[in-house]
Amino acid sequence: MVWPHKVHVIGAGIAGLSFAVALAQMAKARGHGELSPSQLRIDEAAHGPSSDGAGIQLGPNVVRLLQDQLGLKDVLNTLGFAPKGVSLLNMRSGKRLARLSLDDFEARYGARYLTIHRAALQAALLTRVQKNGHSVNWSRPFAGTSEKPELLVGADGKHSVCRTLHFEHQSQAHKPFYTGQVALRSVLTSLDEVPEPQRHDITVWTGPRHHLVGYPMVMPVEGSTTLYYNLVGFIDGQDINTEEAGWSCLASTQQVNLLLQALHPSLHWIQAAAEAWSSWPLWASPTLESADDHYRNHVFLIGDSAHAMRPHQAQGSAMAIEDACALARHLTYSSGSLDERCQQAAKERWRRNARVQRQSARNGRIFQLTGPVAWFRDRALQLAGHKLMDQPWLFGGPTES
Ligand SMILES: Cc1cc2nc3c(=O)[nH]c(=O)nc-3n(C[C@H](O)[C@H](O)[C@H](O)COP(=O)(O)OP(=O)(O)OC[C@H]3O[C@@H](n4cnc5c(N)ncnc54)[C@H](O)[C@@H]3O)c2cc1C
């Protein structure tokens, strides 16, 4: 049976490309054959694939989807790095507060916990889109249309035009806001300077009103791969002009000093090895309140366009990919009208996304506590940190409905 719908995807970031791959592959598996360009159209404002960003973490919840539903198992084997654990350390004392071993994650959650270069993942998804016979219409910024497609999938990121046009006229509440936090990023092009325990782990160093995250990631270089070390720091209370900011912006000396102030001597290698720091303002969307925040009247928002979140649970891309797979599955496998199937997908997604949004904000606060409460945090983490860091509801999901 021929696929009876026309779907227009806005944005070829991780959310839009994942959805395009999932829909094409699931429609084929369901016996609809290859989707034509008019059945699946992808418009992107940028002139070509973006090389922005550096590493991202991928929990087993999303590695499972990338392997089993999006066909990226080989890519993850080559371009994914599997850390042995997640360690929490205090930046000032240098002491380890807690460590969660990731060694048994594959046995417990059906997939490994990986890190990957963001642009490499995006390139792999794009290759998959092309293998499925589709292409991205680059340099095609969406600004609204008079002929509305049967389904508009808004995957156009935190400043989504799809959301502004179709969701915000009823309420201002959905507008994303600048969090006052800035991420500072530096990439070390080898692991030579990185001490032994950090070479194998994802490490989070807590500090007062700032914290730092570091991990190895595989970097594709001229047909081969090498290991880089990704460092991202977060500083609070930054009153900046967000219009001018982007990963190409260098962080100011004042910002870098704020991040690396009072490092314990055992961490001086960070100061010595990290040269250029770029900066990126962090935006977040208000927490989703109902399925209507994902889907209204033939417009479905996925990824950051629906729920941009602080990156302190490292799950923004993961939730985008989970949205993409859930929507594609309901469109191809569920029964009912197109509208009903979209409603089912929105119902399935919104609570989990809202919970991850809340958890991400909470983690950011916990990592940056000051004064006596920071002491209590450290004690609690030393006693039960590995249990608090392991989150079966997140890593074992998503649950299908
Ligand atoms: C510092 C930092 C660290 C992070 N770490 C992690 C991590 O470890 N793990 C994780 O899972 N996530 C992480 N994230 C979050 C993750 O990067 C995002 O959640 C994810 O990339 C969102 O993907 P998206 O496709 O929804 O949006 P985007 O990546 O923003 O893509 C949107 C696309 O839409 C296009 N577009 C915009 N407007 C239009 C228009 N009008 N017409 C057409 N196209 C348009 C854009 O050009 C872009 O290509 C991190 C984020 C930050 C900032």
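The ligand is surrounded by 32 residues, and the closest are G11, G13, G157, G303 and G316. A residue counts as near a molecule if its C-beta atom, placed from the backbone, lies within 6 Å of it. This is a predicted model: local features need pLDDT of at least 70, side-chain atom pairs count only at pLDDT 80 or more, and totals for chains, interfaces and linings use all residues. Residues are numbered from 1 along each chain as its sequence is written.

Which elements each supply at least two residues of the shell? They are α1 (14-29), β3 (55-58) and α11 (316-333). Helix α11 gives the most, with four residues. Helices (H or I, at least four residues) and strands (E, at least two) are DSSP runs, numbered from the N terminus. By class, the shell has 18 nonpolar, ten polar and four charged residues. Here Ala, Val, Leu, Ile, Met, Phe, Trp, Tyr, Cys and Pro count as nonpolar; Asp, Glu, Lys and Arg are charged; the others, Gly among them, are polar.

Now step back. The chain has 14 helices and 15 strands. Its radius of gyration is 21 Å, close to the 21 Å that the globule rule gives for 401 residues, so the chain is as compact as a globular protein of that length. That radius is taken over C-alpha atoms, and the rule is 2.2 Å times the number of residues to the power 0.38. Of the 401 residues, 49% count as buried.

Next, the open sheet. Seven strands form it, in the order β5-β4-β10-β11-β12-β9-β13, with mixed pairing. The edge strands, β5 (96-101) and β13 (278-284), each pair on one side only. Two strands pair if DSSP finds at least two bridges between them. Strand β4 (residues 85-90) is joined to β5 by five bridges, and the two run antiparallel. G85 stands opposite S101 in β5.

H200 is 115 residues away from G85 in sequence, yet 7.3 Å away in space, C-alpha to C-alpha. H200 lies in helix α7 (residues 196-200). Is H200 buried or partly exposed? H200 is partly exposed, because 18 other C-beta atoms lie within 10 Å; buried takes 20 or more, exposed 12 or fewer, and partly exposed is in between, with C-beta atoms placed from the backbone.
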